[in-house]
Amino acid sequence: MSKRLSLLRSFRWPLSFATTLCILAGLLPMMAHQSAAQAVPASTWPYGDTTQAEQPLVGQRLGTDLTLNQGVNSISAENESFDRFNLGFEASGGVETNFFGTQTDKKTVGYGEFSAQAGLLFQTERTRYFVMYMPQYNVFPQYSEVNNFAQRFYQSLTHVITVHTGVAWDVTAARYLSLNQFLPQNLGIGGVGIVVPTVGQQLRQDSYQISNVATTINYRYLMSTRMTFTGALTSGFFLYIPADVAASKSRFSQRFVASGADLRLEYQLTPRNLVGGELTPIYIDGLRPGGHEIAEIVQATYQRQLTPTLSARVGAGPLFIQVSSPVFGSAQDTSYAVSALLSRQIRQSQFSLAYNRAFVVNLLSPSIVSNHVSFSTYMPLRSHWILVGTATYTNSSANRGLGSAKLYGGTAQISYQAASKVQIFARYSLLSQNFDRESSLQAYGFTRNQIGGGIRFALGNSTTRGGVQ
């Protein structure tokens, strides 16, 4: 209890700073009331400074602000926009390498996937609501005992309250077997990422049922023609339990909650240049095993509108970490935070490339501060071809005697629009998680590939192809 109180006391200063920042957010509009009436309408958010002809179609966005369960299917579903509803079915199959996840018995097996996509889109002048549910049944003919049912859920809501204010609410959730994970989990809070590796040796009999849910609420206040305040609250819950019920008593499970806030003030120096400050406190509470981790990040930020559709943003500042663990005791560390984002979003080509300092979280040991890169794209090629891809890479050097970790994965999909409601696609996925043997984490390493293809049918509205009418 005393350790927890000590950590919470160390958390007071960012909360005090956050309170001050919120007060400033209320006072600054009065200081700039003479220009507030000329503020850019909040309805232009979140697309940025692009012309009407270049903005994405209704429903076209590069996923939500939450990328925890993001994959090519979710990116495709949002960009292949529909008017009101979409109901699709997909059947695919192929081969998966290193099925046992070992360094010796790298067995290749066949697989089959049968999934559905159900989505709704509600759009008014001030509100946009997008929701999608994706159930999927995975079949391994050679090892039917690990056939499994997976589910994923996405929601995105944006609403313009007034000409100066807007809110956004995103939710993502999933439940699946670790054998089917091809993109390491990453929960972004501000300019910091929380990377969650899959526990266990990845053997067929050592798989884990993974459940997670995360949500973020974002509030944006256009205070004047030059000043903007943005506040976001993000929280995620992670649960790992052994898929083999008989082994659940002898092997560990893991449960923890990660929460944080991101408060940002930005000032527009010129039509293309913005400067600002950002405060991001994060708290990770281990439910099983026990443990607590606190981080405070303060960054100075700069954003440049390179072209009407391409923008770049960088941030840097100090990073303070406090850790409390029943095994490792308490520790404090001072490091640095760096974030960078390059994004482009128009009808015919959309992509996002981001870098930040991140935490690799496993509450059996303190967090490892790491470098994290993420990428996603949706790119129609000519009139009938669509390329979709998403990838992440996390690399950490030895830190506090814990060794190093390297986690990366991604999926690339090329689709051919055979008809207005039919797509034929080929897909390649990769997942690799490696911890060196000096680490106090359970030492393991494996790389798995998945190669296959299939067909997708849309029973709702006909999909568009990235703005190609």
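This tour moves from paired strands to aromatic rings and then to charges placed over rings.

The model is predicted, so local features need pLDDT of at least 70 and side-chain atom pairs count only at pLDDT 80 or more, while totals for chains, interfaces and linings use all residues. Residues are numbered from 1 along each chain as its sequence is written, and side-chain values use heavy atoms, without hydrogens and water.

Select strand β1 (residues 85–96) and strand β20 (residues 445–458), an antiparallel pair with nine bridges. Strands (E, at least two residues) are DSSP runs numbered from the N terminus; two of them pair if DSSP finds at least two bridges between them. Within this pair, Gly 88 stands opposite Ala 458.

Continue to strand β3 (residues 127–139), joined to β2 by 10 bridges. Three residues separate β2 and β3 in a hairpin.

Now select Phe 99 and Phe 140, a tilted aromatic pair at 5.1 Å centre to centre with 45° between the planes. Rings of Phe, Tyr and Trp (its six-membered ring) pair if their centres lie within 6.5 Å; planes under 30 degrees apart count as stacked, over 60 as edge-to-face and the rest as tilted. Both Phe 99 and Phe 140 are buried (under 20% relative accessible area, with a 1.4 Å probe and protein chains only).

Finally, select Arg 357, which lies over the face of Tyr 336 at 4.0 Å from the ring centre. The criterion is CZ of Arg or NZ of Lys within 6 Å of the ring centre and within 35 degrees of the ring normal.

Definitions and conventions. Helices (H or I, at least four residues) and strands (E, at least two) are DSSP runs, numbered from the N terminus. Buried means under 20% relative accessible area, exposed over 50%, partly exposed in between (1.4 Å probe, protein chains only).
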